[in-house]
Amino acid sequence: MSPVLHFYVRPSGHEGAASGHTRRKLQGKLPELQGIETELCYNVNWTAEALPSAEEMKKLMWLFGCPLLLDDVARESWLLSGSSDLLLEVGPRLNFSTPTSTNIVSVCHAAGLGPVDRVETTRRYRLSVWL
């Protein structure tokens with residue numbers, strides 16, 4: 001079974017308005033909601049025998065990052081949950097390949113990353129609640 005690599009993208013400034021909108025909508029149903037933070041996660045199916053080399057890892061980090069932000073992609077999640085936090089991940093079912101995955105895989109192959117055969121994007125939410 002080939003490993004799935006995870007690349008977490010730190011939210012940029014424009015996502016603050018979107019998370020504020022989401023927070024207002026959720027507070028109607030969950031009054032205990034204190035705050036909400038989000039991040040993207042690229043789930044990469046890597047089919048090679050060995051894990052990516054340093055050069056391949058550098059390419060993957062560059063492909064998933066924003067050219068205007070430095071160090072916005074990490075292998076570990078930016079969302080560190082506390083004891084009263086709820087961490088949710090929303091995205092496509094893993095048994096269904098999306099058109100976005102097909103496009104991202106084409107870009108990876110053009111960049112010389114042949115072992116990538118699927119990339120699905122999920123959005124992760126950390127909900128902070130009062131207990």
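Close-up A. A salt bridge here is a side-chain nitrogen of Lys or Arg within 4 Å of a carboxyl oxygen of Asp or Glu. This is a predicted model, with residues numbered from 1 along each chain as its sequence is written. Local features need pLDDT of at least 70, side-chain atom pairs count only at pLDDT 80 or more, totals for chains, interfaces and linings use all residues, and side-chain values use heavy atoms, leaving out hydrogens and water. Glu120 is buried, at 3% relative accessibility, and Arg118 is buried too, at 18%. For these labels, buried means under 20% relative accessible area, exposed means over 50%, and partly exposed is anything in between (1.4 Å probe, protein chains only).

**Close-up B. Glu37 and Arg126 pair up in another salt bridge, at 2.0 Å from N to O.** Glu37 sits in strand β2 and Arg126 in strand β5, so this pair ties together parts that are 89 residues apart in sequence. Strands (E, at least two residues) and helices (H or I, at least four) are DSSP runs, numbered from the N terminus. Glu37 is partly exposed, with a relative accessible area of 36%, while Arg126 comes out as buried at 16%. Look for Asp85 as well: Glu37, Asp85 and Arg126 are linked in a network of salt bridges.

**Close-up C. Arg124 and Glu89 make a salt bridge, at 3.2 Å from N to O.** This one links distant parts of the chain, since Arg124 belongs to strand β5 and Glu89 to strand β4, 35 residues apart. Arg124 is buried, at 9% relative accessibility, whereas Glu89 is partly exposed, at 43%. The structure holds five salt bridges.

**Close-up D. Helix α2, residues 54–64, has Met57, Leu60 and Phe64 as its buried residues.** Viewed down the axis of α2, those buried residues fall within an arc of 60°, so they line one face of the helix. The arc is taken from the directions that run from the helix axis to the C-beta atoms. The spacing makes sense: an α-helix has 3.6 residues a turn, so residues three or four places apart point the same way. Over on the other side of α2, Ala54, Lys58 and Trp62 are exposed. The buried residues of α2 pack against strands β1 (4–9), β2 (33–46), β3 (73–74) and β5 (116–129), and also against helix α3 (99–110).

**Close-up E. The largest nonpolar core has 16 residues.** A nonpolar core is a set of buried Ala, Val, Leu, Ile, Met, Phe, Trp, Tyr and Cys residues joined through side-chain atoms within 4.5 Å. Phe7, Tyr42, Val44, Leu60, Phe64, Val116 and Val119 touch the most other members. β1, β2, α2, α3 and β5 each give two or more residues to this core. Zoom in on Phe7: apart from neighbours within four places in sequence, Phe7 contacts, among others, Tyr42, Val44, Met57, Leu60 and Phe64. Contact means heavy atoms within 4.5 Å.

**Close-up F. Trp78 sits in the loop between β3 and β4.** Trp78 is partly exposed, with a relative accessible area of 29%. Tyr8 is 70 residues away from Trp78 in sequence, yet the two are 7.1 Å apart in space, C-alpha to C-alpha. Not counting residues up to four places away in sequence, Trp78 touches Tyr8, Val9, Arg10, Glu39, Asp71, Asp72 and Val73.

**Close-up G. Leu86, Leu88 and Val90 make a nonpolar surface patch of about 240 Å².** Val90 is part of strand β4, residues 85–90. Patches take residues with over 30% relative accessible area and no salt bridge, joining nonpolar side chains (Val, Leu, Ile, Met, Phe, Trp, Tyr) within 5 Å and like charges within 9 Å. Areas come from the Shrake-Rupley method with a 1.4 Å probe; for residues, only the protein chains shown count as cover.

**Zooming out. The protein has three helices and five strands.** Along the sequence they follow the pattern β-α-β-α-β-β-α-β. The C-alpha trace spans about 50 × 35 × 25 Å along its principal axes, and 33% of the 131 residues count as buried. Among contacts between residues at least 6 apart in sequence, 79% join residues at least 24 apart. The accessible surface comes to about 8400 Å², with 59% of that belonging to carbon and sulfur atoms.
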